[in-house]
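Trainee: I would like to work through this entry with you, one question at a time, before I set up any calculation.

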Amino acid sequence: MTELNLFNTLSRSKEIFKPLKKSAVTLYNCGPTVYHDQHIGNFRTAMTVDILKRTLLHFGYQVKHITNITDVGHLTDDVGGTGEDKMEVGARREGVSARAVARKYEKLYKADLTLLGNIPPFKWTRATEHIDEQIALIKKLERKGYTYRTSDGIYFDSVRDTDYGKLAGLKSMKLRAGARVDVGEKKNPSDFALWKFAAAGVKRQMEWPSPWGVGFPGWHIECSAMAMKYLGETIDIHAGGIDLIPVHHTNEIAQSECATGKLFVRFWVHGAFVIEGEEKMSKSKGNVKTMEWITAEGFSPQDYRYLTLQTHYRKELSVTIESLRAAQVAYNQIAEFIRNAPRRAGVVNKEKMAAFDCAIADDLNMPRAIAVLWDVLRGSDTAVNKRATILAFDEVFGLQLKRLKKDSADALPDVVKKLLIDRNNARANKNWAASDHLRSEIRTHGFDVMDTPEGQSVVRVLY
Ligand code: AMP
Ligand code: ZN
């Protein structure tokens, strides 16, 4: 079997991956905070996790995968532990309860993931449904002397953890304790809240009783509590975006390892950002693009998925109309081939499959794997065998090529036929603006149009 090499943030190097237990690989990833639409950066990270999972499945492993839903109202300035509760902000914005906001955005998130072709996790775990587990973990830390109390909550004492900051190489954090940082009542800048007290006289929509008083859990504790509940005290792989390394994942490690005395996670896998210009795409910067934007611009979720596959997950990705258009053209060519190839069982090309395995085993090198797909497409195998090989690759890519149906021109609705004639005329007159406009209009009828040397070619949009 091909050995899978994964870049482990903990060791800052590629390591050969082997699961702890033969039965299944345990995989956890930090899911969304459901108070707003997710942006395409969040979805890129979710697709990276899915590609990792599909790669493990391809290499014959079983995978037990958990994703959390952060539906507890954390504070907008989580690092400082101040600011407003995100869920309450969402509730006020939409004039509904915090719970209703959480459920609405959870549903939208899952629907978009389905369109993008992600395999659902073994279990989605909501923070609000695991308050007892979070309290139990805090009690354990308290018994071991890792906590202290301030006027606004129970805090983790990071100096008591001799390994604190190992994931991010943050040893110097402790030195900053005396620096001029406003730490409030915290003993050290890197200490963090495990439990926050509800402010006196303020009734919050989301608050729970606890041994320390009514309040709500800190931001990090849910992931430790839920990951360990479902996957065990030591898990194989924990994934997320790189923004989570210095604080969230660092604190997950601190509280989990201090509670159990065991290694929390063997492999940390982090995906790079989707950027806008030079900056990270993020809700707080207000520079976000959503899946709605992708479709409004005339692209399908598969176009976006294909685009993400062309960049290694540890490299930044900039998503523009131009890059999406190039991805769409490439994806449509593959789709067109699959649609028209004879639907008979073929033989997978062993040599090409070996090259594919080699690419994905090298820290999930999807750009190289996509190049192998094009080799197959342009190669000399029969169409039946090419189709078999590409569909086998697609078990990892997740482009849902198997679902494509053969289209005949007769099956096109009249309105689309008419728009195609108009577009053909517009192009003959070099009226590119009209041609682009007609492409978008055709898209609204559920068809993508491509320009090939033989003229316009139409494929049905997948969803
Ligand atoms: P959040 O809802 O902000 O907690 O983010 C959910 C997931 O998306 C986390 O794994 C983040 O690391 C990831 N993420 C946030 N912003 C980006 C971005 N611009 N590009 C890629 N991933 C991101
Ligand atoms: Zn987490």
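Trainee: Is H248 buried or exposed?
Mentor: In this predicted model, the relative accessibility of H248 comes to 2%. Because residues count as buried under 20% relative accessible area, the class that applies to H248 is buried.

Trainee: Which atoms coordinate the zinc ion (ligand 2)?
Mentor: The donors lie at 2.0 to 2.4 Å from the zinc ion (ligand 2), and in sequence their residues follow the spacing C-x192-C-x24-H-x3-E. Of the residues in that pattern, C223 belongs to helix α5 and H248 to helix α6, 25 residues apart, so that this pair links distant parts of the chain. The coordinating atoms are C30 (SG), C223 (SG), H248 (NE2) and E252 (OE).

Trainee: What is the geometry of the site of the zinc ion (ligand 2)?
Mentor: The angles among the four donor atoms run from 78 to 129°. Four donors count as tetrahedral if all angles lie between 85 and 135 degrees, and with an angle of 78° the site is classed as irregular.

Trainee: How many disulfides does the structure hold?
Mentor: A disulfide would need a pair of cysteine sulfur atoms within 2.5 Å. For this structure the number of disulfides is zero.

Trainee: How many residues of helix α8 are buried?
Mentor: Helix α8 covers residues 301-309 and is largely enclosed by the rest of the structure. Its buried residues include P301, Y304 and L309, and the count is nine of the nine.

Methods
Residues numbered from 1 in each chain as written. Chains lettered and ligands numbered in written order. Predicted model: local features only at pLDDT ≥ 70, side-chain atom pairs only at ≥ 80, totals over all residues. Heavy atoms only, no water. Buried < 20%, exposed > 50% of the residue type's maximum accessible area, 1.4 Å probe, protein only. Helix = DSSP H or I, 4+ residues; strand = E, 2+ residues; numbered from the N terminus. Donors = N, O, S within 2.8 Å, 3.2 Å for Na, K, Ca; no water. Tetrahedral: all angles 85-135°; square planar, octahedral: opposite > 155°, others 65-115°.
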